[in-house]
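Subject: Handing over the model

Hi,

Here is the structure I promised to pass on.

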Amino acid sequence: MTKKEKVNFIINTLYKLYPEIPVPLDHKDPYTLLIAVLLSAQSTDVRVNKITPLLFEIADNPYDMVKLSVEEIRDIIKPVGLSPMKSKGIHGLSKILIEKHDGKVPKSFEALEELPAVGHKTASVVMSQAFGVPAFPVDTHIHRLMYRWNLSNGKNVVQTEKDAKRLFPKELWNDLHLQIIWYGREYSPARGWDLEKDIITKTIGRKSVINEYYKQKKS
């Protein structure tokens with residue numbers, strides 16, 4: 001299979017499996033999405049979705065958020081981990097949104113990445129899911145699968161994002177990054193992986209990854 005045929009096979013398989021694409025993090029507007037994505041760093045979406053209703057009941061906009069102290073935010077979000085850094089980030093970015101952006105989430109990568117605790121991946125998710133701007137946020141699932149599918153060298157997420165953007169059509173980025181995440185969770189996880197169920201990797205995967213899988217199965 002050529003690289004182009006591989007890419008088409010991946011796209012067709014993902015659209016068959018996920019014609020309707022659920023968004024992993026519960027939110028109702030760009031601000032609540034921004035906070036949810038920030039909270040999801042080194043945590044699970046399931047855990048974040050349990051905590052955000054508690055936080056958003058008290059403060060679902062920057063004006064209410066800055067009324068809370070950093071400590072009060074930290075107490076609520078503690079179960080998602082990294083709460084000292086995240087609570088400072090949430091309080092700090094809410095203040096900046098009020099002072100510089102009329103309380104609204106800005107619609108540019110540059111302005112988003114200037115906010116405290118907001119990195120490129122968080123900005124990419126917000127641009128893609130809140131504003132429909134083509135982006136390809138790379139999480140651990142996408143990074144793992146792009147390597148397993150022999151479409152990237154697995155060196156770092158920056159390289160993986162470059163490769164994904166180069167290989168996949170821009171108009172599909174916003175769908176595909178979510179479809180790959182769902183596929184990674186359901187069919188190609190890091191642990192407890194069953195290659196027989198993972199049709200994409202089984203069909204077009206990196207030979208060394210497949211050989212290693214069968215080698216470990218035997219041992």
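A word on conventions first. This is a predicted model, so to speak of local features I needed pLDDT of at least 70, and side-chain atom pairs count only at pLDDT 80 or more, while totals for chains, interfaces and linings use all residues. Residues are numbered from 1 along each chain as its sequence is written, and side-chain values use heavy atoms, with hydrogens and water left out. Helices (H or I, at least four residues) and strands (E, at least two) are DSSP runs numbered from the N terminus.

**Aromatic pairs**

How many aromatic pairs does the structure hold? There are five. For a pair, the ring centres of Phe, Tyr or Trp (its six-membered ring) lie within 6.5 Å; planes under 30 degrees apart are stacked, over 60 edge-to-face, and the rest tilted.

One of them is F136 with F168: the centres are 6.0 Å apart and the planes are at 10°, so this pair is stacked. F136 sits in the loop between α8 (120-129) and α9 (140-148), and F168 in the loop between α10 (157-167) and α11 (173-186), so the pair ties together parts that are 32 residues apart in sequence.

Another pair is W193 with Y213, which is edge-to-face, with 5.0 Å from centre to centre and 65° between the planes. This pair also links distant parts of the chain: W193 is in the loop between α11 and α12 (199-204), Y213 is in helix α13 (residues 207-218), and the two are 20 residues apart. W193 is buried at 15% relative accessibility, and Y213 is buried at 9%.

Then there is an aromatic cluster made of W149, Y183 and Y187.

**Charges over rings**

What lies over the face of W193? That is R148, at 3.6 Å from the ring centre. The charged end of R185 is placed over the ring of W182, 5.1 Å from its centre. The criterion here is NZ of Lys or CZ of Arg within 6 Å of the ring centre and within 35 degrees of the ring normal.

**α9 against α11**

The axes of α9 and α11 are 8 Å apart and at an angle of about 80° (axes are lines fitted to C-alpha atoms, for helices over the stretch in contact, with angles from 0 to 180 degrees between N-to-C directions). The two helices are therefore roughly perpendicular, on a scale where under 35 degrees is roughly parallel, over 145 roughly antiparallel, 65 to 115 roughly perpendicular and the rest oblique.

From α9, the residues H141, I142, R144 and L145 meet H177, I180, I181, Y183, G184 and R185 of α11; contact means heavy atoms within 4.5 Å. H141 is buried, at 16% relative accessible area. Leaving aside residues up to four places away in sequence, H141 touches I181, G184 and R185.

**Other positions to look at**

- T13, in helix α1 (residues 3-17), is buried at 12% and touches I199 and I200, not counting residues up to four places away in sequence.
- G103 is in the loop between α6 (83-101) and α7 (109-113) and is buried at 14%. The C-alpha atoms of G103 and Y63 are 7.2 Å apart, although 40 residues separate them along the chain.
- Q42 is not a glycine, but has a positive phi of about 50°. Q42 is in the loop between α2 (30-39) and α3 (45-58) and is exposed at 74%.
- N150, also not a glycine, has a positive phi of about 60°. N150 is in the loop between α9 and α10 and is partly exposed at 31%.

**From the record**

The unreviewed UniProt entry annotates residues 39-186 as "domain: HhH-GPD". UniProt positions are in the numbering used here, feature names are shortened, and annotations may be inferred rather than shown by experiment. In the model, that span is 64% helix and 0% strand, and its end C-alpha atoms lie 22 Å apart.

Cheers

Notes
Buried < 20%, exposed > 50% of the residue type's maximum accessible area, 1.4 Å probe, protein only.
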